[in-house]
Amino acid sequence: MKHLFLLVLLFILFPFKGQSFSQDLNLGKFSMPIGAYYYPEQWDENQWDRDLKHMSDLGFEFTHFAEFAWSRLEPKDGNFDFSWLDKNISLAGKYGLKVVLCTPSATPPAWLTSKHPEILIKLESGFKVKHGMRLNCNGSNPIYQKYINRLVTKMAERYGNNPIVAGWQIDNEPHFEGLYDYSDFSQNAFRKWLKTKYQSIEKLNQSWGASFWSFTYNNFNQIFIPNKNEHAGNQHALLDFKRYTADALAEAVRFQTTILRNSVSKDQWVTTNFAYYKFLPSVDLFRNQKDLDFASHTMYLLSTFLNTDKGEMAYRLGSGMELSFSGEMARSIKGFTGIMELQPGQINWGQWNSQPLPGAVRMWIWHCFGLGEKFVCTYRFRQPLFGGEQFHKGIVEPDGLTVSPGGKEFVQAIAEIGKLKIDNSQTIETPHEIQTRTTAFLWKQENLLALEDTKGTNSWNTWAHYYSYYQCLKSMGCPVTFIQETDNFDVQKYPFMVAPAYEMVDKKLIDKWTKYVADGGHLVLTTRTGMKDKNGHLWETLLQQPIWDLIGAKIDFFDQLPPTKTSTVEFADKKYGWNVWGDVITPTQHTEVWSTHTDNFYTGKAAAVNHKLGKGSVLYVGVVSTEGEFENALLRKFYLQSGAQILHLPDYVFVEWRNGYWVAVNYGSKQFELPVPNGKEIVFGDKSVMPGGVTVWK
Ligand code: GAL
């Protein structure tokens with residue numbers, strides 16, 4: 001009760017200002033402008049005018065050009081042809097469409113890679129890629145950068161003050177097609193990176209634990225990029241190679257932001273479209289936090305390669321959780337985001353490519369709206385006739401004229417969103433209930449990278465672990481901001497913080513957590529947290545001892561079971577199964593035991609504990625349950641007891657608030673009765689939201 005009173009007092013004294021959405025990206029007049037990719041170079045010149053007019057007539061407010069068009073812009077070394085782009089930009093202007101221009105560095109022309117094959121990446125198998133694949137060169141290679149610089153400078157000089165051009169996207173989903181580069185260039189760059197990091201080979205040997213199995217190096221030239229064909233190689237070396245790769249990718253983006261920033265108008269923004277980072281482990285959005293005006297992102301909700309197949313209807317409705325996670329992650333980089341590619345219908349490159357449920361495309365757009373996306377751009381306006389993405393739907397069918405089913409849903413959503421009365425320049429204060437449950441998700445990409453190489457059990461899945469917590473948060477209606485340990489742990493802004501499986505820590509972080517909690521913050525830590533130092537070495541202490549004072553308990557040991565065995569833990573008179581990971585915990589005197597083991601030789605020992613510390617509290621969850629329901633139940637109790645007002649949504653139903661509107665979307669397979677308070681006006685949909693449905697109220 002005392003905590004609740006303090007929380008309320010804090011919010012009266014320091015009212016939480018919601019996201020303002022006041023940054024005008026100049027993409028259109030609607031509160032969330034919607035656009036579509038167009039590739040003039042893939043279509044007959046005499047269709048350009050017709051297509052852009054059609055796009056505008058359908059209600060789209062902007063388009064996207066030049067992404068993969070290097071060979072059209074510079075057909076020969078040093079010979080440039082901008083005439084076709086000039087023409088398309090002015091046609092867009094004629095029809096009132098704004099333009100996002102893209103730098104085409106993802107697709108170097110054949111003359112360039114033939115002249116400089118040393119810029120091509122090499123795959124882990126040793127295969128050196130050739131021309132005929134995109135994302136095939138290393139953007140941090142200075143030889144490649146020389147050519148990028150020449151082209152991008154020319155584009156910036158030509159269009160950097162053109163009022164039709166709203167902003168720039170750098171490259172496309174920056175990563176290496178193949179994930180890591182094993183070329184000679186990369187080999188040398190990795191050695192240089194190590195020299196800068198460690199200064200001396202002795203320091204490297206120490207950090208890499210090289211006395212183990214005689215891995216010791218005499219000098220940096222003996223170091224080769226680790227390769228997974230090397231059985232039980234050095235995990236510390238591997239982590240450094242991944243860190244180096246993340247730095248190299250970030251450097252490649254930075255290289256282009258610098259060129260653009262130096263010559264384009266201040267009214268044009270610069271972003272890149274980060275791809276689905278679950279699939280691209282070395283991409284770290286935070287590494288470009290200072291370089292970009294904002295981070296945009298891409299999402300294909302039905303792509304079975306990338307998404308967790310969650311919910312019976314997932315194959316038709318997609319994974320709402322992953323759209324949400326991706327959007328909130330991208331938003332966290334600069335406080336706002338936009339989605340640069342949203343699937344317009346059926347795609348062609350999943351393992352199987354189901355038709356979206358009628359209504360699903362519209363629901364995704366509304367979900368983006370609820371998440372606060374400042375714009376939605378769909379990939380792509382026309383379905384391609386040739387190339388690797390045949391049968392990838394567009395807004396129009398292959399005839400170039402007939403609007404596709406997904407296209408019709410785009411048109412519908414554009415009209416609906418256009419009806420909302422939103423003044424983007426005005427900030428509406430976030431409702432109090434949302435303030436009480438706003439949560440920071442502590443993010444450190446290196447923990448993810450390290451955990452993926454040192455799983456400890458075949459059943460461990462780092463993403464599944466993150467997602468089980470993220471899903472709990474969304475089912476309580478929490479807005480989530482991803483922050484880093486260098487950020488301010490602001491109790492007023494984030495009354496809650498979760499840090500799942502936060503393995504590598506240092507004393508500074510533990511002190512920061514302790515202060516956050518003492519000041520009134522509520523912290524959720526989970527299994528594996530605090531096990532290692534920043535080099536990935538175990539602490540020379542007992543298991544996780546550096547966090548014992550914080551969690552008010554000691555971890556005796558952890559257990560893992562084979563997938564064929566399931567044990568149970570008890571919480572609030574209910575039993576939950578687990579087999580991936582189970583900590584066996586001994587609380588200190590004042591710590592509350594919330595859950596105990598009911599199986600094995602440690603029956604009766606604690607599995608989750610709650611520690612009150614100063615004005616706040618810590619929940620330590622030591623078990624990874626089979627269905628995630630255990631975590632869900634614990635978090636609900638924790639949030640409620642800590643003064644949060646939470647929603648009780650089933651998995652796959654999301655409720656978001658934006659500019660005075662509540663938006664509910666249902667990715668589940670059952671109808672759900674929404675908690676619309678009496679007296680609220682339903683603007684779209686019904687109180688009961690169907691699978692694939694949308695309800696908006698204010
Ligand atoms: C994206 C990519 C686009 C296009 C699209 C097709 O990942 O950025 O260029 O290939 O997939 O769905």
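Predicted model: local features only at pLDDT ≥ 70, side-chain atom pairs only at ≥ 80, totals over all residues.
Eight strands close into a barrel. Their order is β1-β2-β3-β4-β5-β6-β7-β8, and the pairing is parallel. From one strand to the next, the twist averages 30°. One of these pairings joins β6, residues 296-299, to β7, residues 339-342. The two strands pair in the parallel sense over three bridges. Met299 has Leu342 of β7 as its bridge partner. In general, strands of a sheet pair through backbone hydrogen bonds, in either a parallel or an antiparallel arrangement.

Helices also lie across these strands. Helix α6 spans residues 142-159 and lies across β3 (98-102) and β4 (165-170). Its direction is at about 170° to β4. Helix α12, residues 360-370, lies across β1 (34-37), β7 and β8 (376-378). Relative to β7, helix α12 runs at about 165°.

Charged contacts were examined next. Side chains of opposite charge can pair when their charged atoms come close. The count comes to 37 salt bridges. Among them is the contact between the side chains of Arg50 and Asp51, at 3.0 Å from N to O. The two partners can be described by accessibility. Arg50 is partly exposed, because its relative accessible area is 29%. Asp51 is buried, with a relative accessible area of 0%.

A further salt bridge joins the side chains of Arg243 and Glu446, at 2.9 Å from N to O. This pair links distant parts of the chain, 203 residues apart. Arg243 belongs to helix α9 (residues 235-263), and Glu446 to helix α15 (residues 445-453). Arg243 is buried, with a relative accessible area of 7%. Glu446 is also buried, at 17%, because the cut-off for burial is under 20% relative accessible area. Both residues take part in a network of salt bridges. That network links Lys197, Asp240, Arg243, Asp247, Asp284, Arg287 and Glu446.

Arg528 forms a salt bridge with Glu503. The closest N and O atoms are 3.3 Å apart.

Key: Residues numbered from 1 in each chain as written. Heavy atoms only, no water. Pairing = 2+ DSSP bridges. Helix = DSSP H or I, 4+ residues; strand = E, 2+ residues; numbered from the N terminus. Axes fitted to C-alpha atoms, helices over the stretch in contact; angles between N-to-C directions. Contact = heavy atoms within 4.5 Å. Salt bridge = Lys/Arg side-chain N within 4 Å of Asp/Glu carboxyl O. Buried < 20%, exposed > 50% of the residue type's maximum accessible area, 1.4 Å probe, protein only.
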